[in-house]
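Work through the exercises below with the structure open. Each task sentence is followed by a solution in steps.

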Amino acid sequence: MKNKQFLCLITLMGMMLVACGSKSAQTPAPNAVERSPETLSMLQKMKSIAEQGSFMFAHQDDVAYGHAWNGCVPDCTDCKGRSDTKEVCGDYPGMIGFDLGRLELGHDKNLDGVPFDLVRREIVAQYLRGGMVTLSWHLDNPLTGGDAWDFHNPTTVASILPGGEKHEEFLTRMGRVADFLASLVTPDGVHVPVLFRPWHEHTGSWFWWGQDICTTEQYKALWRMTYDFMQSRGLDNLLWAYSPGSEPTTLEEYFERYPGDDIMDVLGFDTYQGGNREQYLATMRDCLALVTEAAAAHGKVAAITETGYEGTPDAAWWTGTLRPVIGEYKIAYVLVWRNAWDKTDHHYGVYPGHESEEDFRAFYAMPEVLFAGDL
Ligand code: BMA
């Protein structure tokens with residue numbers, strides 16, 4: 001717990017601003033769904049966090065499994081509530097990410113073997129402890145049946161847009177996602193707000209919705225179709241994030257495939273550290289400058305929607321690289337990718353016994369780095 005009262009005050013002031021703010025700017029488009037007070041409050045909280053110079057620590061799949069445990073198997077009786085982050089610093093991340101890939105197929109587990117019942121349970125738990133949730137979607141290729149990385153057929157996006165041979169089927173698939181999003185409800189009946197981040201890293205060409213695999217117009221239409229569909233289902237608990245990779249170097253490039261201010265709430269970017277620290281620092285600085293400028297110009301919230309250093313082979317990475325490079329940039333959160341339980345070297349967070357454990361505790365102790373207990 002840190003600066004908790006301050007945050008509450010800021011959030012309250014922000015909510016009052018939203019409530020009294022210019023009605024015309026808030027006027028919904030025809031058929032638009034009014035977002036719930038909880039959803040608007042989540043957005044306002046993210047804005048406040050960024051404006052006051054703090055940011056949330058976020059971790060993908062934090063409570064589903066960790067480096068040395070797997071909460072996704074039925075016999076893991078002591079796994080409920082486990083978190084590598086909490087085991088190191090005593091608190092859960094301010095934001096937790098989950099992935100919806102294969103929910104659209106009606107599967108009961110996602111592409112990494114995480115049961116959607118567990119995802120639902122943990123989304124509600126994270127909300128009840130005061131934290132936030134973001135959802136990515138590594139969905140299989142709807143035309144070829146391959147995975148999200150099957151980008152070889154350039155007609156894939158066209159095939160699911162209106163008029164395409166897979167359009168109707170894709171509506172059914174989106175329907176399954178909508179049903180799941182609608183099922184995120186607390187025991188008291190509150191519809192839990194989430195930040196949805198589909199169609200990510202589209203400025204690269206490794207997913208079937210990537211830069212060289214579809215046209216600008218098709219990509220924008222993909223977003224519009226997704227957004228309109230969720231609107232038509234009456235979902236009032238969604239915020240939306242735009243998260244290209246590190247490819248754009250100008251605002252023009254950043255917004256080249258941007259579907260519009262009426263859809264988006266968060267503007268982010270994904271980039272990872274490879275071997276070269278200097279290169280990572282330079283890329284991060286460029287992306288942070290770009291994204292915070294973009295967010296300020298469009299009245300949106302900036303964030304680092306994915307980052308990390310696989311294996312984190314640097315004992316001082318958290319306070320020596322990540323924290324300094326964020327500097328004074330105003331972002332709501334920084335998300336590091338998952339700690340896979342079944343791939344020894346595939347981890348981006350921390351866990352007990354990791355060489356950066358001590359440094360992570362120093363990162364946690366920084367008053368501006370927010371965890372669930374700080375929100
Ligand atoms: C990637 C890797 C994969 C995983 C995918 C979706 O970056 O972590 O192992 O399947 O994300 O979570």
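**Exercise 1.** Divide the lining of the second largest pocket by residue class.

*Solution.* The lining divides into seven nonpolar, five polar and eight charged residues. Here Ala, Val, Leu, Ile, Met, Phe, Trp, Tyr, Cys and Pro count as nonpolar, Asp, Glu, Lys and Arg as charged, and the others, Gly among them, as polar. In total 20 residues line this pocket, and His138, Trp149, Trp337, Arg338 and His346 lie nearest its centre. A pocket is an open set of points on a 1 Å grid over the protein atoms alone, where a 1.4 Å probe fits, with protein on both sides within 12 Å along at least five of seven lines; lining residues have an atom within 4 Å of a point. The pocket volume is about 360 Å³.

The model is predicted: local features need pLDDT of at least 70, side-chain atom pairs count only at pLDDT 80 or more, and totals for chains, interfaces and linings use all residues. Residues are numbered from 1 along each chain as its sequence is written, and side-chain values use heavy atoms, without hydrogens and water.

**Exercise 2.** State which space the ligand takes, and list the residues around the ligand.

*Solution.* The ligand takes the space of the second largest pocket (more than half of its atoms lie within 2 Å of the grid points). Around the ligand are Leu111, Asp112, His138, Trp149, Trp337, Arg338, Lys343 and His346, each with a heavy atom within 4 Å. By class, this shell has three nonpolar, two polar and three charged residues.

**Exercise 3.** Which residues line the largest cavity?

*Solution.* The lining consists of Gly245, Ser246, Pro248, Tyr254, Phe269, Cys287, Leu290 and Val291. Six of these are nonpolar, two polar and none charged. In a cavity, the 1.4 Å probe fits but cannot get out.

Terms used: Points joined across faces, edges and corners; volume = space filled by probe spheres on them.
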